[in-house]
There are 2 protein chains.
Amino acid sequence: MKELNNGICSIESVQASGYREGKYGVSIIYHENSTCVGVYTTNKVYAAPIDITRKHLENGKISAIIVNSGNANCYTKEDGIVKGLELAQLTADTLSIPVEDVAVASTGVIGRQMPMDILKPVAEKSLSMLDNNRQSADDAANAILTTDTVKKECAVEHTLNDGTVFRVAGMCKGSGMIAPNMGTMLGFITTDLKLPQDKLQEALNKSIRKSFNMVVVDGDESTNDTVLLMSTNEIEAEYDANFQEALDYVTTSLAKQIARDGEGADKFMEVTAEGCRTQNDAILVSKSIVSSSLVKTALAGADPNWGRIISAMGYSGVDFNPDKVSISIGNRDAEVKIVDNGNVTTYEHPELLEKAEKFMKEKTVLINVDLHEGTQAATAYGCDLTCEYVHINADYTT
Amino acid sequence: MKELNNGICSIESVQASGYREGKYGVSIIYHENSTCVGVYTTNKVYAAPIDITRKHLENGKISAIIVNSGNANCYTKEDGIVKGLELAQLTADTLSIPVEDVAVASTGVIGRQMPMDILKPVAEKSLSMLDNNRQSADDAANAILTTDTVKKECAVEHTLNDGTVFRVAGMCKGSGMIAPNMGTMLGFITTDLKLPQDKLQEALNKSIRKSFNMVVVDGDESTNDTVLLMSTNEIEAEYDANFQEALDYVTTSLAKQIARDGEGADKFMEVTAEGCRTQNDAILVSKSIVSSSLVKTALAGADPNWGRIISAMGYSGVDFNPDKVSISIGNRDAEVKIVDNGNVTTYEHPELLEKAEKFMKEKTVLINVDLHEGTQAATAYGCDLTCEYVHINADYTT
């Protein structure tokens, strides 16, 4: 597997564009007669574009995706459907494709009607810029951002067992309202490998469980989450697990980029729970730690206050014996074991706390807990909770 | 029902004391041959004093409670039990009561061994100061505090249907690590009404569901939560619902005081969910709103961003029709309906948003949501999320 450098345009037949005016941006991804599947927010209150996209994706066929930032088009009722369809129609007319072959996604403020006088010209401009190059991939990745500070993309080339070379390319946005089960996150992934709709759906579901669903920024689940996986159907080959591997690589990379760019975040944390009885236990424990406001603020303060880690494990809902637990803090190269099989090593070796503090001061902090109850493991991704998060969210909107 | 002014000492036969040296404080509550029941954290990792107190309360008989702040005595294994019992023994020896009649509670940093060289002299000093007056109630309410900025107490006098007058008096601490199901919160409530152990337990369980369990500061559930209800058995009478009313008044007042004193909090919010199908639905919806980081930061920024409220309702896990919802923001005297039966009033009347913003600027903000699905209601208590919360928790310990 090798990384490619052209973001969503790493697949040459895919055209993309993006244009922004102030907080309103519109991105387009275009490839005629693609097969596309989606995963959406589980929030009971969901945005109008999700209704539209779900319907347009029923037959699996799609040619273009139009995404706007600046307004979530959520809790906008009939008006939201009408305006979402207006954007789809504009895309369809410009590209001479049926409106049913256009998927729509939105991100931004909830509960405001879409300002079409601003969005339509921005969309028209964006549509006029469709291309396949580094710049168009950049534009597309940038125009979907809201409080994000950097664009997020990842693309790889990989080989099936029979020697067939294929590509997976993705871009996403997400910074705040990031909870288990996808926060305000939009993700768009393309592949040139031809796969039936149900196989694509299965691969996407599997991949999301390990990636986007393991990211927590603030625990608020958005009304607009959408991840679309689109195959351009160019490469015919027998499916094998290497496709899943490439897809997982892209989604996990994007998920980590979201955590790293969490609103106000200064540091990234990767929490692995090992030795769990079930996969679900491992997910619950790792997410509970990564979600804890107290662990997040301890990370901000570079404070190896592991009591907050064990406390978060304790309220995760998972059954385990606290006296068998191990807890380590470190980076990719080294770690310090603060609790070893239930024994607090720092009671006798207080210098280990200083070592842990040094690791906590780095930009990437790895926390590893081992329950010693079984063989299952899971990794969750998060960030510190800083004043900047509060500023961003106390001052955003109205 | 009338409020009494002597805190935990509002019952004249109860003696109390408190003494503090730096971050280490010890409070005592004393009345010989009381009946006492407790409710404890559901965290899988719980502190040594909870083990001790649970055991000592099995027969319902207790004479004294000793509480220390500064160290949670959690994840301290055998050493924690030994030191917790040492504090109980010191209390028992000083008051000439059996050690089994002493309850113990701790709050502070997790995963540190108790510094008995500091705590024992503080406990001795506290024990020597036992008394029943305004000062001793103050001392007791103060010595249990950690990151709290104010003491929390409430006492009332009430009358049973047969004319019997009785009292309920309480004090508590809690500021951070406050989650559904009681955060790092310790609560001690006394009454002079004689009630059997099982009746006391039932009343306490009921009362906690409506009060302490409805407070959210940061969503982290502590390892040390303990609420004890102690009857001095002085007043014999037939139990009636007025006792529950008085107990609920005290616990709800204490719970609100915790939310108001949430770490770094500048504002208090009271969120009521009405028109729910079940009581559990009402609890889930109101808690989901009050727990949302985005609602909490919107409160900090006085931003009537009601989209975050409806989003938090949507991911609460409760089934409802978003198009029937009403949302109001206000204070005790007035409110503005921002969403009325699914209609966003501010689309036509943007001036209502300004009105809502004014309410959001007050120190106490009331949020009311009506699902129009049934008749059940519940109220949750919380606070805003400010930079100060981050500072407190990034800088606390080590």
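**Exercise 1. What is the mean pLDDT of chain A, and what percentage of its residues reach 70 or more?**

Solution. This is a predicted model, in which local features need pLDDT of at least 70, side-chain atom pairs count only at pLDDT 80 or more, and totals for chains, interfaces and linings use all residues. Residues are numbered from 1 along each chain as its sequence is written, while chains are lettered from A and ligands numbered from 1 in the order in which they are written.

Step 1. The mean pLDDT (the predictor's confidence in each residue, from 0 to 100) of chain A is 90, and 95% of the residues reach 70 or more.

Step 2. Where pLDDT is low, predicted coordinates should not be read in detail.

Step 3. The scores of the model are ipTM 0.74 and pTM 0.81.

**Exercise 2. Describe the fold of chain A.**

Solution. Step 1. Chain A contains 12 helices and 15 strands, taken as DSSP runs numbered from the N terminus (helices H or I, at least four residues; strands E, at least two).

Step 1. Chain A is as compact as a globular protein of 398 residues, because its radius of gyration is 22 Å, close to the 21 Å of the globule rule. The radius is taken over C-alpha atoms, and the rule is 2.2 Å times the number of residues to the power 0.38.

Step 2. Of the 398 residues of chain A, 63% are buried, meaning that 20 or more other C-beta atoms, placed from the backbone, lie within 10 Å of the residue's own.

Step 3. The assignment for chain A gives domain 1 (2–260) and domain 2 (268–395), with bounds from an automatic or database domain assignment. Their centres, over C-alpha atoms, are 32 Å apart.

Step 4. In chain A, 12 residues of domain 1 contact 11 residues of domain 2.

**Exercise 3. Which element gives the largest share of the side of chain A that touches chain B?**

Solution. Step 1. The contact takes 50 residues from chain A and 51 from chain B.

Step 1. On the chain A side, the elements giving two or more residues are α8 (293–300), α9 (307–314), α11 (351–360) and α12 (387–395).

Step 2. The largest share, 6 residues, comes from α9(A).

Methods. Two residues are in contact if their C-beta atoms, placed from the backbone, lie within 7 Å. A residue is buried if 20 or more other C-beta atoms lie within 10 Å of its own, exposed if 12 or fewer, and partly exposed in between; C-beta atoms are placed from the backbone.
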